[in-house]
Amino acid sequence: MDKIYQQKHELWLSITFASFAINDEEIKSRLYEFSLIAFRHMKWLGSDILDSGSDYNYDRNLTLTKQSTLFQIIEDLQQQIENIQASYPHNILAERLRTDDTYLLEYLSQILKDKTNDQKITAFNMQRKWLDKNLEKEQIDALTLFLFEESYKEYELILIYAYMQARTKDVLHFNVFQDLIDESHFHLKSFGNMMAKLGILALPRQLHEMTYIVKDLNQFVVDGIAEEEAAKVMCKELSGAIKDEELSKFFDFINYQENYHIELMKKLL
């Protein structure tokens with residue numbers, strides 16, 4: 001089951017980053033919905049593994065292939081889904097995972113039937129140009145650094161909070177972890193889509209087990225609050241550095257959300 005967990009972790013990432021890479025708004029939106037279903041699969045699998053007395057980790061063996069067309073991305077997803085289906089055992093949980101995947105495969109096959117869907121993918125072209133705006137190189141550099149750092153942070157937090165949520169019996173802790181997971185999903189989505197628009201989409205680096213196996217929850221939360229404070233500083237600096245009103249307001253928005261994240265984490269203390 002831990003091998004299936006790894007495959008589902010990789011599939012969640014693949015669907016998520018496929019949604020970031022694709023420009024077609026309808027397909028992008030539907031794929032992101034499927035990515036959240038895949039994440040719920042991870043949650044259920046993790047609980048099942050823990051209930052059986054075993055454990056799981058966040059190891060992965062996934063490379064984000066820099067495809068140039070939408071159909072190439074879809075075909076890669078199809079292959080990955082078909083591979084994991086062969087690994088499912090025969091039980092009620094696996095049947096749910098299998099039927100969800102089967103419907104996703106059907107949706108992907110419908111996309112491939114319409115040749116007009118096969119659009120060019122620009123998420124990996126390294127142009128580092130923000131839409132039709134002429135941002136100076138220093139501003140693009142600052143935005144690039146922020147997006148790489150923060151997309152990793154949000155991926156990291158999603159997995160850490162999910163890991164701890166699966167192991168708590170405290171309702172308050174469970175609910176706070178869920179709020180933080182949901183918020184980090186939104187931030188990862190926002191930053192991933194921005195990276196794709198800049199042509200610099202890339203997977204966040206893999207987590208070391210010492211990152212998510214938390215032995216001192218109190219110290220973890222204290223450190224997490226400090227990390228959120230640092231993110232607020234980065235957002236404020238970026239908002240001031242980028243001479244674009246729309247982007248500046250977006251980073252102010254993220255900054256204000258970090259304020260509430262800190263309050264949520266204080267509840268854990």
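Which residues have the most contacts inside the largest nonpolar core? Here are some notes on this predicted model, starting with that point.

1. **The core.** Leu31 and Phe251 have the most contacts inside the largest nonpolar core, which has 88 residues. Helix 1, helix 2, helix 3 (70-85), helix 4, helix 5, helix 6 (171-198), helix 8 (217-241) and helix 9 (245-268) each supply at least two residues of this core. Helix 5 provides the largest share, 14 residues. As general background, nonpolar side chains tend to be buried together in soluble globular proteins.

2. **Around Phe251.** Leaving aside residues up to four places away in sequence, Phe251 touches Leu143, Phe146, Phe191, Met194, Cys235, Leu238, Ser239 and Ile242.

3. **Helix 5.** This helix covers residues 137-165, 29 residues in all. From first C-alpha to last, helix 5 reaches 41 Å, close to the 42 Å expected at 1.5 Å a residue. Because 22 of its 29 residues are buried, helix 5 is largely enclosed by the rest of the structure.

4. **The cavity.** The count comes to one cavity of 30 Å³ or more. About 50 Å³ of space lies in the largest cavity. Its lining is made up of Leu11, Ile15, Phe34, Ile37, Ala38, His41, Asp100, Asp101 and Leu104. Helix 1 (2-21), helix 2 (25-51) and helix 4 (92-113) are the elements that give two or more residues to this lining. Helix 2 gives the most, with four residues.

5. **What kind of lining?** How do the lining residues of the largest cavity divide into nonpolar, polar and charged? Six are nonpolar, one is polar and two are charged.

6. **Two backbone angles.** Most residues other than glycine have a negative phi. Met126 is not a glycine, yet has a positive phi of about 60°. Arg128, also a residue other than glycine, has a positive phi near 50°. Met126 lies in the loop between helix 4 and helix 5, and Arg128 is found in the loop between helix 4 and helix 5 as well.

7. **Exposure of that pair.** Are Met126 and Arg128 exposed or partly exposed? Met126 has 52% relative accessibility, so Met126 counts as exposed. Arg128 has 25%, so Arg128 counts as partly exposed.

Note on methods:
Residues numbered from 1 in each chain as written. Predicted model: local features only at pLDDT ≥ 70, side-chain atom pairs only at ≥ 80, totals over all residues. Heavy atoms only, no water. 1 Å grid on protein atoms, 1.4 Å probe; cavity = no way out; pocket = protein on both sides within 12 Å on 5 of 7 lines; lining within 4 Å. Points joined across faces, edges and corners; volume = space filled by probe spheres on them. Nonpolar A, V, L, I, M, F, W, Y, C, P; charged D, E, K, R; others polar. Expected span 1.5 Å × (residues − 1). Buried < 20%, exposed > 50% of the residue type's maximum accessible area, 1.4 Å probe, protein only. Core = buried A, V, L, I, M, F, W, Y, C linked by side-chain atoms within 4.5 Å. Contact = heavy atoms within 4.5 Å.
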